[in-house]
Amino acid sequence: MTNTLVERDVLQRVIGSALERGGEFAEIFVEDRTTSSAVLDQRRVEELSSGRDRGAGIRVVVGDTTGFAHTTDLSERGLMGAAQAAASVAREGGGGVREIALGPLANYPTHATILPGDVDKAKKIELLRHADDVARSEGSSITQVQVALGDSTRRFVVANSDGVFAADHQVRTRFNISCVATGDTGMQTGYRPVAGTRGFELLTPDTVGEAARGAARQALTKLAARPAPSGDLPVVLAGGSGGILFHEACGHGLEADAILKQASVYAGKVGQRVASPLVTLVDDGTVVGEWGYLAVDDEGRPGTRNVLIENGILTDYMWDLLRARKEGRASSGNGRRQSYQHLPMVRMTNTYLLEGDAVADEIVAQTPRGVYVAQLGGGQVNTATGDFVFGMTAAFLIENGKITAPLRDCNLIGNGPDVLQRVDAVATDFSMMPGTCGKDGQQVPVGTGQATMRLSSVTIGGTAS
Amino acid sequence: MSELLERAQRILDSAKGTEEIEVYLSTGVDNEVQAYQGAVEQLSSATSSGIGIRVLTDGPAGARVGTAWAGSLDESAVSDTLREARDNARFATEDEFVSFARPDGVAPASLELTDETVLTTPLDEKIAMAIELERLVRDGDSRIRQVDSANYSDYVAEAAIVSSTGIQATYARSGAYVSVEAIATDGHGDQTGWGLSAGRAPRELDIHEAANDAIRRATRMLGAVKPASMRCTAVFDPRTAATLLAIIGGALSGEAVVYGRSFFANRVGEDVASSLFTLIDDPTDPRHFAASVFDGEGLACRRNILIEKGRLLGFVYDTVSARRAGTSSTGSAVRGGIAGSPSAGCRALQLVPGDIDQAEIFRRVGDGIYVESVTGVHSGVNPISGDFSVGITGLMIRGGEMAEPVREITVASTLQRMLLDVRYVGNDLEWLPGSAAGQSLAIDGIAVSGS
């Protein structure tokens, strides 16, 4: 039994044919993905949905040009057709069909213990109902609860003209709950995700119950929220909540595609101080079970732990195969793609700040006035200017070293290289959060993480003077 | 009958017993060219097809729906999809309001949304456009130090929706776009600007306009500073105004309303906006890039006035949300491709233009801030509570004129407040890709957070 979706000899012939008209590199990526989701809205099971996507993407690299085509036809004829379409960028004519010899298959099994296909649908609904009950039991002001559960099983095989030949089996499971609380001042929202590169074992009544309680309490607490401040203040980010800061403040700017195009403020800064000495930042595809975990990336390169910034000094960028080839170096295992219909590019995996030695409570106690952010809700960056925003979805004032009044949602804004210098305390209560990262229209799962930390000053985009 | 419609009809014929089936089929052809340093950096072309099936079964307490989809139209994928949808339906909650759309007698608008020249234009011409676009930006101003990407893309898509409740709709559309991102420098720092031109075919695209737009936006931001926090009038340019309108449109979804997730709930008939504000969702206007003959359930799209001179008239509904609200569908079901189920949403918003141009708005505003780009819409705007806070770049308005550029600031208010605080609506309506067109929009009482 082969688990490569397409036989080795077919892959070899297709890659050889893709290089028929010339070109230095060709790759075929074959993917078979099944997904399922269930949504409980207003106590009703509104929708169970299942999906299947299967196809192959082929790229051919000729000089600085990449040709790409994809197809759902996995027969040899279908793949040859896609190979010819991808090869149409090679106009010089070549030396005929190339003989390709793939290496031994590197086969990566999943770490999931309960596979999505083995879970009774009724069991999923039981969990959704449990979460709904827990959320509503937090208070009668909870007026709306939406709970969703989804899983995906992604098998792929990737093979290229360098002989790389790898197969992966990725199982991901995700749960999230959104609550609305209604009070005299209008409506407020609470949200919690639970997600991992795991099977159904990730979700237990306890884990979903805890998320449900958290989401409900967040919405209820915010009913008393006052407008967030407008202007510069110290900000303490709770452990796990603030990893997105680094994802936006420097993560995207350290991706080699932006670097090679001189479209990042971090270009040419390896070896230089780019952050406070408290900042050691790692991108790490090897954290088994995390949302951004990958045994092997979508170009067949094993997931890797890469130190990007060490004690404030920039050590390296993140690389995919194409960008690494241009620089004559190895990929760092950051070549990812949303699906077979997309070209791979440089993407983060799990990006986190290493722990410091401060005590979380003391960081708050030593902040006379500021903002405490318990949860962040995403962000966006312009890598060329370094300006970035990140949103707070659960935050409080800090007054006289104590966490006090809840604040309404708003964005924070800063400039990456500037904000990284302002990290002035990092604690030990490390934790991670799952997220979805969008870049050039492609979405991939990523993790972010950090311990409780403080920025000496950052601009808070509220309305209260 | 189109081939797609025939295939969909054949799947319907396999319905069992009293179950109802809805089939959504789509096919598409896409091309994308990315130019860099005078050559093709990426070239991709693809055809894709897919199917989404919903199965509805009736029970004592109402109907249940199950959904499944596949990114392929081959026989085994179709039969697996039907089987999965059927199985999924078993687990849904019986619901008296759940139903597929039924023909409602509204005639579909006669719209030509496909320009066949998308398919007949040689690929070499499309490649040449991307390369020329990049050159125009690089050579257009000495301060442009890099063109991050210059892109050409197009598509032709066709879809069919049929159901055992009598729906039979098929539609096609094409689109072509060029976009470019320029990086300008003054030796001290970089700024970026983004230009775009859109149409239904390459012959409608204006690469000079896109190039000039990118150059102008990037170069006039050079030297941008972070101003002190203040409260003032903000003038949103057509693009950022369109972003704002699309957010407002989300809260006008009948589904958000019936589920208690919209701040507009229970406010029909009230003045929710300035009297200058008349908002229409009209997919039958062919000038709108999102124009469509049919909605996501196969009902005819129609013109819906949502807010008239500030007064909230109503919401957009799909079949199920309309039944929950005790009304009928407004032909406003949207669905996110084959994997998405229909939900109620605005498709082609436009704000009725005012009678003054942007320069006149600046003159009347006197002092304020011009908002040229926004970031963090997904992280800083809460369409349920109405909290609004986004990062922006733009220019100060001083003495009625555009003044120095500003960056690394946020503008904030609440959506409820902003609607009431609309002070001027421009006549410079711009058709843009996405669910909303836009024009210059001046809004009072905006908190600007800076240093």
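**Exercise 1.** How many residue pairs are in polar contact between domain 1 of chain B and domain 2 of chain B?

*Solution.* Start with the setting: this is a predicted model, where local features need pLDDT of at least 70, side-chain atom pairs count only at pLDDT 80 or more, and totals for chains, interfaces and linings use all residues. Residues are numbered from 1 along each chain as its sequence is written, chains are lettered from A in the order in which they are written, and side-chain values use heavy atoms, without hydrogens and water.

Next, find the domains: the assignment, from an automatic or database source, gives 3–219 as domain 1 of chain B and 224–451 as domain 2.

Now count polar contacts (N or O atoms within 3.5 Å, one able to donate a hydrogen and the other to accept it; residues adjacent in sequence count only if both atoms are side-chain atoms). The count is 13 residue pairs, both residues at pLDDT 80 or more.

**Exercise 2.** Find the salt bridges across this interface and look at one of them.

*Solution.* Apply the rule: a side-chain nitrogen of Lys or Arg within 4 Å of a carboxyl oxygen of Asp or Glu. Five salt bridges are found between domain 1 of chain B and domain 2 of chain B. For an example, go to Arg302(B), which pairs with Asp104(B); their closest N and O atoms are 2.9 Å apart.

**Exercise 3.** Work out how much area the two domains bury.

*Solution.* Take the accessible area (1.4 Å probe) lost on putting both parts together, summed over both. That gives about 3200 Å², with 58% from carbon and sulfur atoms. On the side of domain 1 of chain B, Phe97(B), Leu111(B) and Arg217(B) lose the most area, together 19% of what that side buries.
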